[in-house]
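This briefing turns to a sheet and its helix, and then to pairs of charged side chains. Please keep the sequence and the structure in view while reading.

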Amino acid sequence: MSHHYLSFDHVSYSYPDGRRALHDISFRIDHGEKVALVGANGAGKSTLLLHADGLLTPSQGKVVVGGIELTDKTVRLIRQSVGLVFQHSDDQLFMPTVEEDVAFGPANMGLTPAEIEQRVAGALAAVGASHLRTASPYSLSGGQKKSVAIATVLAMEPSILVLDEPTSGLDPRARRQTIELLGRFRHTMLVATHDLEMVCELCGRTIAMRDGRIVADGPTERLFRDTALLEACGLEQPCSLRRPATV
Ligand SMILES: Nc1ncnc2c1ncn2[C@@H]1O[C@H](COP(=O)(O)OP(=O)(O)O)[C@@H](O)[C@H]1O
Ligand SMILES: [Mg+2]
């Protein structure tokens, strides 16, 4: 897969209980783009991200990664190029030590022990967590867990990084570290978040969702200046874009 774009083509999805969570979603994210996915709780952001990684498959329409349509047959291949960081780090960390968690993905990909070691060391260094190597994930702070969860995904060297609310639940310092970490990546990134200040810093493009549909897709600054749109999506304009009060 040389061109790692991600596209959704008229994707709709209903959960088994009949709840329709995505309605006719179409967009394309090109290599190197950093895109935010915003919208109120229940808008469908997480459901969309689960489709990007093949954890859910569309009821209608198709998801294509680098020219390959996501199907039962291609899902393993596609998961090697799309790395999903879950909202709750505890869902991502399940081994006794940090290094085993980070080694898990590369080991599953059939790499040699030397390659695995290189991936583990590289991914932990990239997130500034080399010193946590032998720690138990359970003993870590929320911010440390988030860094390690991101490392477990980076270790698989995905070309598209997908993150679900990466800064939620983090204290200001851990949030700042996570934003700086994400800012250093040259990956294609799709980030679902309520943290619109982070979006202003990281993402040139934003997709806004409401009730399972895309209601806007364009340059972040343009979307965030549209107060009617933000209000309709249950969002608040980031402080950094608010006009200073005139005295
Ligand atoms: N496992 C599930 N079963 C049934 N409905 C679900 C499930 N997960 C989410 N939903 C519903 O799908 C819609 C979209 O949810 P979600 O994708 O989690 O939104 P968001 O991440 O934007 O908060 C919501 O109405 C939610 O209640
Ligand atoms: Mg969600």
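Glu-221, with a relative accessibility of 46%, counts as partly exposed, and its side chain meets that of Arg-225 in a salt bridge with an N to O distance of 2.9 Å. The model in which this pair is found is a predicted one, and it holds eleven salt bridges. The points below begin with this pair, go on to other salt bridges and end with the sheet.

- Arg-225 is partly exposed, its relative accessible area being 46%.

**Salt bridges between distant parts of the chain**
- Lys-145 and Asp-90 form a salt bridge in which the closest N and O atoms lie 3.1 Å apart.
- Glu-201 and Arg-176 form another salt bridge, with 2.8 Å between the closest N and O atoms.
- Here, too, distant parts of the chain are linked: Glu-201 belongs to helix α7 (residues 196-202) and Arg-176 to helix α6 (residues 172-184), the two residues being 25 residues apart.
- Glu-201 counts as partly exposed at 46% relative accessibility, and Arg-176 is likewise partly exposed, with a relative accessible area of 31%.

**A network of salt bridges**
- Glu-33, Arg-205 and Asp-217 are connected to one another through a network of salt bridges.

**The sheet and the helix packed on it**
- Four strands make up an open sheet in the order β2-β1-β4-β5, and their pairing is antiparallel.
- The edges of this sheet are formed by β2 (20-29) and β5 (68-69), each of which has a single partner strand, so that one side of each is left without a neighbour in the sheet.
- Strand β1 (residues 6-14) runs antiparallel to β2, and six bridges join the two strands; Tyr-13 has Leu-22 in β2 as its bridge partner.
- Helix α1 (residues 45-52) packs on the sheet, where it touches β1, β2 and β4 (60-65), and the direction of helix α1 makes an angle of about 125 degrees with that of β1.

Key
Residues numbered from 1 in each chain as written. Chains lettered and ligands numbered in written order. Predicted model: local features only at pLDDT ≥ 70, side-chain atom pairs only at ≥ 80, totals over all residues. Heavy atoms only, no water. Pairing = 2+ DSSP bridges. Contact = heavy atoms within 4.5 Å. Axes fitted to C-alpha atoms, helices over the stretch in contact; angles between N-to-C directions. Salt bridge = Lys/Arg side-chain N within 4 Å of Asp/Glu carboxyl O. Buried < 20%, exposed > 50% of the residue type's maximum accessible area, 1.4 Å probe, protein only.
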